[in-house]
Amino acid sequence: MSEWALKRFWTEAGVAPAEDGFAVLLDGRPVKTPAKRSLAVPTRAMAEAVAAEWDAQEDQVAPLSMPVTRAANAAIDKVMEQRAEVAELIAAYGESDLLCHRAESPAELVRRQAESWDPLLAWAASTLGAPLEPTPGVIPRPQPPESLSRLRSRVAGLDAFELTALHDLVGLSGSLVIGLAAAEGLEPPERLWELSRIDETWQQEQWGLDDEAAEVAAARQRDFLQARHFLDLARAAL
């Protein structure tokens, strides 16, 4: 959205039914994505959230203050065009899921990982039908092909807007299982984010956290929670 260096030219943002969902309007005219496609989204709730972001702009448009708009643009301009490739990219995290890489020491970190991550792997096995095997160290071990196939099918069944959200949930957490758990509402997203940060939290307790690292961590958490919010909007009742 860097090409959006423009000033506010509209008086009112609104929404209206469209052939492919709900369109966002500025003074009655449909908004376009950066690729000049119609900014039409699947639910009224998402359209209203996008319109609210446009209404909140002042003299100069600030794209970074418009996370729902940016995600919707990504879904329309990128994910819809490469849906199979994006789904495969996300599903590939199952081959080296964060939850499967375990510390060998110290004992306290080993315990925390097991207590935090084993229940998530148990959920993947029982609910998703996709048992994954943890291993010490960072080198991935081959995971059961049937499990990977089931995870791949689960991801491939999502639409472009859901995939856009899942892409961030998985990429930011480093875990396909955590991303799917967030998508299914297994735990509050704040809790799932904490579970993805077991290693970082341990390091922070040992060595402290500088201001720059704290800012990066806060931004990543914010993006994770925003991705879950975008998924809620994508699934909202029409």
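I started at Asp27, which is found in the loop between β2 (21-26) and β3 (29-30). The model I am reading is predicted.

**Backbone at Asp27.** I looked up the phi angle of Asp27 and found a positive value of about 50°, although Asp27 is not a glycine. I noted this because most residues other than glycine have a negative phi. I then checked the cover of Asp27. Its relative accessibility is 37%, so Asp27 counts as partly exposed, since that class lies between 20% and 50%.

**Backbone at Lys36.** I went on to the loop between β3 and β4 (40-41), where Lys36 has its place. Lys36 is not a glycine either, yet it has a positive phi of about 70°. Is Lys36 buried or exposed? With a relative accessible area of 66%, Lys36 is exposed, because the cut-off for that class is over 50%.

**A peptide bond.** Which form does the peptide bond from Ser105 to Pro106 take, cis or trans? I found it to be cis, with omega near -5°. I wrote this down because most peptide bonds are trans. Pro106 sits in the loop between β5 (101-102) and α4 (107-126).

**A charged patch.** Which residues form a negative surface patch? I listed Asp210, Asp211, Glu212 and Glu215. I followed up one of them, Asp210, and placed it in the loop between α9 (198-207) and α10 (211-235). The relative accessibility of Asp210 is 48%, which means that Asp210 counts as partly exposed; to be exposed, a residue needs over 50%.

How values were computed: Residues are numbered from 1 along each chain as its sequence is written. This is a predicted model: local features need pLDDT of at least 70, side-chain atom pairs count only at pLDDT 80 or more; totals for chains, interfaces and linings use all residues. Side-chain values use heavy atoms; hydrogens and water are left out. Patches are made of residues with over 30% relative accessible area and no salt bridge: like charges are joined within 9 Å, nonpolar side chains (Val, Leu, Ile, Met, Phe, Trp, Tyr) within 5 Å. Accessible areas come from the Shrake-Rupley method with a 1.4 Å probe; for residues, only the protein chains shown count as cover. A salt bridge is a side-chain nitrogen of Lys or Arg within 4 Å of a carboxyl oxygen of Asp or Glu. Lys and Arg count as positive and Asp and Glu as negative; His and the chain ends are not counted. The place of a charge is taken as NZ of Lys, CZ of Arg, CG of Asp or CD of Glu. Helices (H or I, at least four residues) and strands (E, at least two) are DSSP runs, numbered from the N terminus. Buried means under 20% relative accessible area, exposed over 50%, partly exposed in between (1.4 Å probe, protein chains only).
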